[in-house]
Amino acid sequence: MPDTEMPDLPDDMFLIEVRDEETGSSLTTLSVSQTPTMLLSYAANRFDDVASNYFKKRYSLGGVDWRMIFMLAGQPGSTAAYASSTIGIDKGAISRCLQRLEENGLTFAGPLHANGRSRSWHLTEKGRALHAELLQVALDRQRRLLKGFAPAEAQAFCNMLERFLDNLSRV
């Protein structure tokens, strides 16, 4: 059955009944362990915190900085607006990040586009060298995070997240 014809998931599969022993009252709420959106949010927050602390301590890169390096490696010539919509970070934070990376010799801006406002951004040779080092770190961290996953499970996980992101864009 195509995705568009799938019935909605029943709410009760995500709910638990919690009893407050102090007050004697009960409350129906979301089960953290059975609610994918909560698990994803918690996992993303923890992943971001751990990764950002690591890259800050080891490379003096902020959380947006290392993401932009990977973004520009995978999509050279991206604009701040495109990066913002792709990564899901405020355009102002992206612009400040690009300026910081440029000041550190890691990126450079192309000429103004026809719209007179945006520029394409690229990694410098120094940025490409740092990316190569960060790539090895990221692959090692990913191996550890996906330990015990079969290749098909990792691919299914990516497929589910892509579908989730697609749905999120319509919420």
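**Helix α1 and its packing**

The buried residues of α1 pack against β2, α2 (63–74) and α5 (125–145), contact meaning heavy atoms within 4.5 Å. The model is predicted: local features need pLDDT of at least 70, side-chain atom pairs count only at pLDDT 80 or more, and totals for chains, interfaces and linings use all residues. Residues are numbered from 1 along each chain as its sequence is written, and side-chain values use heavy atoms, with hydrogens and water left out.

Helix α1 spans residues 36–59 and has 24 residues. From its first C-alpha to its last it reaches 33 Å, close to the 34 Å expected at 1.5 Å a residue. Its buried residues (under 20% relative accessible area, 1.4 Å probe, protein chains only) are M38, A51, S52, F55 and Y59. S60, with a positive phi near 55°, follows α1.

Strands β1 (residues 15–19) and β2 (residues 26–30) run antiparallel and are joined by 5 bridges; pairing requires at least two bridges found by DSSP. V18 stands opposite L27 in β2. The two strands form a hairpin with 6 residues between them, and G24 in the turn has a positive phi of about 80°.

**Lining of the second largest pocket**

The lining of the second largest pocket divides into 4 nonpolar, 5 polar and 3 charged residues. α3 (80–87), α4 (91–103) and β4 (119–123) each supply at least two of the lining residues, and α4 gives the most, with 4 residues.

Technical notes. Ala, Val, Leu, Ile, Met, Phe, Trp, Tyr, Cys and Pro count as nonpolar, Asp, Glu, Lys and Arg as charged, and the others, Gly among them, as polar. The expected span of a helix is 1.5 Å times one less than its number of residues. Buried means under 20% relative accessible area, exposed over 50%, partly exposed in between (1.4 Å probe, protein chains only).
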